[in-house]
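Please follow the chain from its overall layout to its sheet, its core and a few individual residues. The sequence and the structure are shown first.

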Amino acid sequence: MYKILLFIALTFSSNTVFSATFEVEMLNRLGKESMVYSQNIVNVKAGDTVKWISASKGHNVQFLTVPEGVDPFRSKLSVDTEYTFTIPGIYLYQCTPHKSMGMIAVVVVDANKDNFDAISSTRVGGKSKKRLAQILDTLNS
Ligand SMILES: [Cu+2]
């Protein structure tokens, strides 16, 4: 009986034990840069959660190019938001108001880069072109 209970406990707790939460801040300023996420690339495993902290007001998270089968995601402005990643691949996202000011970033799930071409052919504007090029360089290295 004890062994059965232990098995059940381990089964139900495994998701909690082995999944992690990562934090990304949404910022007006970081060093010399303005309108940025605190990390350009976050590597996670399927089941992990990324929490975006509204450290500065006026920002959000909107999926731009994501692996096949992932539903659109767009958070409200100026609130903390989070997303649990289940489908492997690269997720390119932007801040809706600052999408042309370089405020884009990616989450890579399970180190899967199968949708790299879709990410690299995503059209972004203004300062985000340079940022996307930097991100692609890092993903390629
Ligand atoms: Cu923003």
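Predicted model: local features only at pLDDT ≥ 70, side-chain atom pairs only at ≥ 80, totals over all residues.

Of the 141 residues in the chain, 27% are buried. Among contacts between residues at least 6 apart in sequence, 67% join residues that are at least 24 apart.

Four strands make up an open sheet with mixed pairing, and their order in it is β2-β1-β4-β6. Because β2 and β6 (residues 81–84) each have a single partner strand, they stand at the edges, and one side of each is left without a neighbour in the sheet. From one strand to the next, the twist averages 20 degrees.

Is Met35 buried or exposed? Met35 counts as buried because it has 21 C-beta neighbours inside 10 Å, where the cut-off for a buried residue is 20 or more. Ala111 also is not a glycine and has a positive phi, of about 55 degrees, but its place is in the loop between β8 and α2 (residues 116–120). Ala111 counts as exposed, because 11 C-beta neighbours lie inside 10 Å and the cut-off for an exposed residue is 12 or fewer.

The largest nonpolar core holds 27 residues, of which Tyr91, Leu92, Tyr93, Val106 and Val107 touch the most other members. Two or more residues of this core come from each of β1 (21–30), β2 (33–37), β4 (49–53), β7 (89–94), β8 (104–109) and α3 (128–140), and the element that gives the most is β8, with six residues. For Val106, once its neighbours within four places in sequence are set aside, the contacts are with Ile41, Ile90, Tyr91, Leu92 and Ile135.

One of these partners, Ile41, belongs to strand β3 (residues 41–44). Ile41 counts as partly exposed because it has 14 C-beta neighbours inside 10 Å. Which residues does Ile41 contact, leaving aside its neighbours within four places in sequence? The contacts of Ile41 are with Ala105, Val106, Val108, Ile135 and Thr138. Ile41 and Thr138 are 97 residues apart along the chain, yet their C-alpha atoms are separated by 8.7 Å.

A last stop is Leu139, which is found in helix α3. With 15 other C-beta atoms within 10 Å, Leu139 is partly exposed. Its contacts, leaving aside neighbours within four places in sequence, are with Lys113 and Phe116. The C-alpha atoms of Leu139 and Val108 are separated by 9.1 Å, while along the chain these two residues are 31 residues apart.

How values were computed. Residues numbered from 1 in each chain as written. Contact = placed C-beta atoms within 7 Å. Core = buried A, V, L, I, M, F, W, Y, C linked by C-beta atoms within 7 Å. Pairing = 2+ DSSP bridges. Axes fitted to C-alpha atoms, helices over the stretch in contact; angles between N-to-C directions.
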